[in-house]
Amino acid sequence: MEMCSRKTKKNNRKRVIMVCAALALLAIHYGAFAQDGIQGINEANTKVRSYFAAGTNLMYAVGALLGLIGAVKVYQKWNAGDQDTGKVAAAWFGSCIFLVVVATVIQSFFGV
């Protein structure tokens, strides 16, 4: 019984060593294909910069649409004789100017 136990322990130890060696070789194999990540970061940078122009144009379009909606709202209030026409006009057109300024500042700040 003692002899069988020693053989089993030796066999188990050999199996563990073989599995560890296989895992180490596998890790080395996959490590050889690993990259440092700079290429991925540069690709992401290029894609984000290419999307920024479209995003800026979208912000300008949203600003123009809000300007038109605001102009209609201010016109309606003006024709109705409301007293807060100037306040509404400042709010609507101020938001349009804010959109345009934010898009321009971000574009010039980040050099996109």
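Reader: Which residues does Thr 85 touch, not counting residues up to four places away in sequence?
Author: This is a predicted model, where local features need pLDDT of at least 70, side-chain atom pairs count only at pLDDT 80 or more, and totals for chains, interfaces and linings use all residues. Residues are numbered from 1 along each chain as its sequence is written, and side-chain values use heavy atoms, with hydrogens and water left out. Contact means heavy atoms within 4.5 Å. On that basis Thr 85 touches Val 74, Lys 77 and Trp 78.

Reader: Is Thr 85 buried or exposed?
Author: Thr 85 is found in helix α3. Buried means under 20% relative accessible area, exposed over 50%, partly exposed in between (1.4 Å probe, protein chains only). Thr 85 has 14%, so it is buried.

Reader: Against which helix do the buried residues of α3 pack?
Author: Buried in α3 are Thr 85, Val 88, Ala 89, Cys 96, Leu 99 and Ala 103. These buried residues pack against α2.

Reader: How are α2 and α3 oriented?
Author: Helix α2 (residues 38-80) and helix α3 (residues 85-110) pack at about 170°, with axes 8 Å apart. Axes are lines fitted to C-alpha atoms, for helices over the stretch in contact, and angles run from 0 to 180 degrees between N-to-C directions. Angles under 35 degrees count as roughly parallel, over 145 as roughly antiparallel, 65 to 115 as roughly perpendicular and the rest as oblique. So α2 is roughly antiparallel to α3.

Terms used:
Helices (H or I, at least four residues) and strands (E, at least two) are DSSP runs, numbered from the N terminus.
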